[in-house]
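Below is a short report on one protein model. Look over the sequence and the coordinates before reading on.

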Amino acid sequence: MAKPTRSTGNTQDSADSPVTFNRTERALAFMVGGIFIAAFLCMAAMIVMWLTAPSVQGSMPWPVIMAIPLIGFPIGMVLVFTLLAITWTRRARANRTAR
């Protein structure tokens with residue numbers, strides 16, 4: 001394991017590590033991941049259902065499982081765009097104050 005090296009610059013600035021994610025961004029990122037994983041798992045379950053027993057398509061819980069990707073993917077994309085907008089806004093503000 002490499003030894004940490006001291007910076008030759010201002011020690012006050014090096015002691016403060018920059019925060020890369022705030023709580024909102026982290027929560028949005030986990031929400032996006034959870035929604036996309038749930039939608040992909042439901043799609044895999046639908047494919048397995050259609051290959052093994054296509055006659056049970058109308059019985060419960062299959063209509064709910066088939067609806068989750070139809071709702072989850074658009075919600076996930078909206079959350080991705082929201083996360084991008086929040087991240088870009090925060091970085092733009094940080095760049096403006098750094099100048």
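How many residues does helix 3 have, and how far does helix 3 reach from its first C-alpha to its last? Helix 3 has 37 residues and reaches 54 Å. That is close to the 54 Å expected at 1.5 Å a residue. The expected span is 1.5 Å times one less than the number of residues.

This is a predicted model, in which local features need pLDDT of at least 70 and side-chain atom pairs count only at pLDDT 80 or more, while totals for chains, interfaces and linings use all residues. Residues are numbered from 1 along each chain as its sequence is written, and side-chain values use heavy atoms, with hydrogens and water left out.

**Overall fold**

The protein has three helices and zero strands. From the N terminus on, the order is α-α-α. Helices (H or I, at least four residues) and strands (E, at least two) are DSSP runs, numbered from the N terminus. Of the 99 residues, 17% count as buried. Buried means under 20% relative accessible area, exposed over 50%, and partly exposed in between (1.4 Å probe, protein chains only). The protein exposes about 8,100 Å², and carbon and sulfur atoms supply 68% of that area. Accessible areas come from the Shrake-Rupley method with a 1.4 Å probe; for residues, only the protein chains shown count as cover. Among contacts with a separation of 6 or more, 68% join residues 24 or more positions apart. Contact means heavy atoms within 4.5 Å.

Helix 2 covers residues 23-52. Its 30 residues should span 44 Å at 1.5 Å a residue, and its end C-alpha atoms are 43 Å apart, which agrees. At its start, a side-chain oxygen of Asn 22 reaches to within 3.3 Å of the backbone nitrogen of Thr 24.

The buried residues of helix 2 are Glu 25, Leu 28, Val 32, Phe 36, Ala 39, Cys 42, Met 46 and Met 49. They pack against helix 3. Helix 3 runs over residues 62-98. Its buried set is Trp 62, Ile 65, Met 66, Pro 69, Gly 72, Gly 76, Leu 79, Leu 83 and Thr 87. These pack against helix 2 in turn. An α-helix has 3.6 residues a turn, so residues three or four places apart point the same way.

Two C-alpha pairs give distances for the model:

| C-alpha pair | Apart along the chain | C-alpha separation |
|---|---|---|
| Ala 27 and Leu 83 | 56 residues | 9.6 Å |
| Met 49 and Trp 62 | 13 residues | 8.6 Å |

Ala 27 is in helix 2. At 37% relative accessibility, Ala 27 counts as partly exposed.

**The salt bridge**

Which residue forms a salt bridge with Glu 25? The partner is Arg 90, with the closest N and O atoms 3.0 Å apart. Glu 25 lies in helix 2 and Arg 90 in helix 3, so the pair ties together parts that are 65 residues apart in sequence. A salt bridge is a side-chain nitrogen of Lys or Arg within 4 Å of a carboxyl oxygen of Asp or Glu. By this rule the count comes to one.

Is Glu 25 buried or exposed? Glu 25 counts as buried because its relative accessibility is 0%. Arg 90 is partly exposed, with a relative accessible area of 24%. Side chains of opposite charge can pair when their charged atoms come close.

**The loop between helices 2 and 3**

Pro 61 sits in the loop between helix 2 and helix 3. The peptide bond from Met 60 to Pro 61 is cis, with omega near 0°. Most peptide bonds are trans.

Met 49 lies in helix 2. Met 49 is buried, with a relative accessible area of 2%. Leaving aside neighbours within four places in sequence, Met 49 is in contact with Pro 54, Val 56, Gln 57 and Trp 62.

**A nonpolar patch**

Which residues make the nonpolar surface patch of about 440 Å²? The patch is made by Met 77, Phe 81, Leu 84 and Trp 88. Patches are made of residues with over 30% relative accessible area and no salt bridge: like charges are joined within 9 Å, nonpolar side chains (Val, Leu, Ile, Met, Phe, Trp, Tyr) within 5 Å. Leu 84 is found in helix 3. At 33% relative accessibility, Leu 84 counts as partly exposed.

How values were computed:
Polar contact = N/O pair within 3.5 Å; in protein donor to acceptor, adjacent residues only side chain to side chain.
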